[in-house]
Amino acid sequence: MCGIVGVVGHKNARDILMQGLEKLEYRGYDSAGIFVTSAQQGVQETGQLIKSVGRIADLREKIGIDVAGTAGIGHTRWATHGKPAAHNAHPHTSSDGRFVLVHNGVIENYLALKQDYLSADHFDGETDTEVAVHLIAALAEQEGLDTLEAFKKALTLIEGSYAFALMDRTRPDVIYVAKNKSPLLIGLGDGYHMVCSDAMAMIRETSEFMEIHDHELVILTKDTVEIHDLAGNIVSRESYTAELDLSDIGKGTYPFYMLKEIDEQPAVMRKLSQVYADENGQVTVDQGIIEALVNADRIYIIAAGTSYHAGYASKYLLEELTEKPVELGIASEWGYNMPRLSDKPFFIFLSQSGETADSRQVLVKVNALGLPSLTVTNVPGSTLSREASFTMLLHAGPEIAVASTKAYTAQIATLAFLAKAVGTAIQNDKAQAFDIVHELSIVAQTIETTLSEKAWIENKITGLLATTRNAFYIGRGQDYYVSMEASLKLKEISYIQCEGFAAGELKHGTIALIEDQTPVIALISNNPKVAAHTRGNVSEVVARGASVVTIVERAAAIDGDDIIVNTVHPYLSSIAMVVPTQLIAYYASLHRGLDVDKPRNLAKSVTVE
Ligand code: F6R
């Protein structure tokens with residue numbers, strides 16, 4: 001949700017900002033802007049402010065070669081207050097133009113601040129950010145505060161989440177930075193410093209980073225990084241080197257990141273076996289995590305969207321091997337509606353980004369209760385990772401397409417290693433018999449086979465989904481959980497209204513929606529207990545005119561099935577079965593002429609509640 005980048009002391013600030021924004025575009029892409037100035041102490045600079053509605057490419061078109069400087073801040077927006085429009089785009093300025101601000105987050109009391117402190121001010125747009133920059137200016141002017149003190153005071157008045165980068169045209173050699181709940185970190189360069197929402201956007205310039213914690217304020221110049229807490233104490237902090245690979249964030253020859261990321265899944269499965277097992281196939285999960293789980297009486301998985309679906313897909317496996325009940329929680333619900341917990345709960349936060357605000361608000365409560373927690377995430381050092389008791393990484397490499405694919409399959413595989421480790425520790429027979437490294441290698445091969453049949457899959461669904469307004473995925477058991485994810489993937493990038501349904505539940509009402517040529521995609525993995533029933537449900541919708549496509553594990557396939565997936569271990573079937581549905585969503589979006597990687601209204605990292 002919104003991306004921030006800032007640089008001070010670099011001879012080509014404009015290009016640094018624009019390259020950074022391009023890398024951050026996954027965080028929001030309805031409008032963007034940059035402010036560029038020259039970072040010379042004592043020299044008052046007017047600087048240049050350019051904003052545009054639309055994508056970074058639209059902003060780029062407005063930026064001429066005359067826009068040059070050595071410092072600046074930039075922003076790509078995902079609208080929360082005020083529609084996408086140039087006047088709502090960041091950076092925002094104070095009335096006198098002195099202060100320039102970019103912001104990610106939501107200022108909850110912005111209307112009260114406007115009324116209490118800024119009733120005489122004129123505002124160009126409707127954003128909470130514009131209120132913040134006016135407030136800083138008002139405090140500086142009315143109370144005679146310098147920029148740092150005015151900023152600090154504003155932070156004590158502001159309620160909500162924020163990552164701020166502020167510039168003062170009278171001190172163009174400084175960027176003032178602060179954060180609460182929204183991600184932001186410092187990049188350390190040789191003779192320049194940066195600030196950014198995501199390390200990925202800075203890795204061209206540096207691999208040396210410094211964290212900023214909530215309620216801290218940072219003063220950044222080309223040579224210094226000074227961290228203050230709100231009480232004014234200076235905080236000392238070590239920097240760290242991040243192992244990010246520039247080639248990971250490129251698209252290569254792929255038309256879209258999503259296709260690249262779908263294709264990377266076999267490699268991710270193999271990587272996880274290297275990370276979570278030794279050369280003898282023994283699982284190597286952190287002993288502290290295993291002990292905490294062994295001592296628990298119930299596992300609570302908290303997540304949102306695709307990660308929530310990955311939690312469901314892992315429930316059966318976790319319950320079978322750990323012998324503990326697993327309960328799923330939608331993060332945005334549990335934040336304010338936590339149900340009665342068991343005596344010894346253990347929380348697992350599943351999050352690709354590790355920054356999801358909805359999940360974090362639950363983690364804050366879990367920490368306040370003193371309960372143990374594990375974050376399973378793709379992003380080392382992310383907020384959820386830092387704040388949970390333990391972390392397991394997904395090792396999927398950066399996931400850039402907004403629609404999550406390889407993180408979903410990596411989440412299930414990582415939880416499979418966890419289940420195996422805990423099950424082995426408690427001498428569960430099924431866990432001991434489950435050769436996860438071998439089974440995951442079969443999954444990797446199965447995915448490769450599915451990927452080699454892309455043209456077939458594309459051909460099967462192109463006509464079916466070309467113009468339809470709605471569709472259904474149906475399945476039972478594990479296939480139902482995959483249906484939930486498959487339908488989310490289809491709707492978010494093709495805009496087809498799609499429901500993932502428990503196949504047996506259709507006849508209790510929803511079957512009324514099936515009419516001539518309604519697309520229904522049925523998932524049938526190799527589970528004899530349910531496959532025949534799902535086939536019965538397929539017959540029911542066919543009888544009502546539905547156009548059905550079946551995705552079936554080979555061992556359960558019959559003549560006439562459409563997409564066959566090689567059979568894998570039942571604990572891991574969701575990983576294999578989801579891949580054709582990812583491709584279906586991809587091709588549906590592609591053939592509808594949509595931007596596969598950046599669907600409307602969405603952003604990759606959802607850092608507002
Ligand atoms: C859908 C998608 C989202 C995320 C959700 C949670 O493709 O990516 O549904 O899964 O916003 O995000 P994370 O996993 O980063 O917590």
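Mentor: Begin with two words: a residue is buried when its relative accessible area is under 20%, and exposed when that area is over 50%. Keep in mind that this is a predicted model.

Trainee: Which residues of α18 are exposed?

Mentor: Pro528, Ala532 and Ala543 are exposed.

Trainee: And which residues of α18 are buried?

Mentor: Val530, Ala531, Thr534, Asn537, Val538 and Val541 are the buried ones. They lie on the same side of α18, because the arc they cover around the axis is only 125°. The exposed residues are on the other side of the helix.

Trainee: What do the buried residues of α18 pack against?

Mentor: Their partners are three strands: β21 (470-475), β23 (519-524) and β24 (547-553).

Trainee: How far does α18 reach from its first C-alpha to its last?

Mentor: The helix runs over residues 528-543, 16 residues in total, and reaches 23 Å, close to the 22 Å expected at 1.5 Å a residue. Just after α18 comes Gly545, with a positive phi of about 100°.

Trainee: Now the empty space. What shows where it is left?

Mentor: A probe the size of a water molecule, rolled over the atoms, shows where empty space is left. Here the structure has two cavities of 30 Å³ or more.

Trainee: Which elements give two or more residues to the lining of the largest cavity?

Mentor: Those are β6 (99-107) and α4 (128-142). The most comes from β6, with three residues. The lining includes His81, His90, His103 and Asp128. By class, two of its residues are nonpolar, eight polar and two charged.

Trainee: How do the residues lining the second largest cavity divide?

Mentor: Six are nonpolar, two polar and three charged. Among them are Met200, Met202, Arg204 and Glu205.

Trainee: How much space lies in the largest pocket?

Mentor: The largest pocket has about 1200 Å³. Its lining has 44 residues, and Leu244, Asn378, Val379, Pro380 and Pro398 lie nearest the centre. They divide into 17 nonpolar, 12 polar and 15 charged residues.

Trainee: Which element supplies the largest share of that lining?

Mentor: That is α7, with three residues. At least two residues each come from β15 (240-241), α7 (265-276) and α12 (383-387).

How values were computed. Residues are numbered from 1 along each chain as its sequence is written. This is a predicted model: local features need pLDDT of at least 70, side-chain atom pairs count only at pLDDT 80 or more; totals for chains, interfaces and linings use all residues. Side-chain values use heavy atoms; hydrogens and water are left out. On a 1 Å grid over the protein atoms alone, a cavity is a set of points where a 1.4 Å probe fits but cannot get out, and a pocket is an open set with protein on both sides within 12 Å along at least five of seven lines; lining residues have an atom within 4 Å of a point. Grid points are joined across faces, edges and corners, and a volume is the space filled by probe spheres set on the points. Helices (H or I, at least four residues) and strands (E, at least two) are DSSP runs, numbered from the N terminus. Ala, Val, Leu, Ile, Met, Phe, Trp, Tyr, Cys and Pro count as nonpolar, Asp, Glu, Lys and Arg as charged, and the others, Gly among them, as polar. The expected span of a helix is 1.5 Å times one less than its number of residues. Buried means under 20% relative accessible area, exposed over 50%, partly exposed in between (1.4 Å probe, protein chains only). The arc is that of the directions from the helix axis to the C-beta atoms. Contact means heavy atoms within 4.5 Å.
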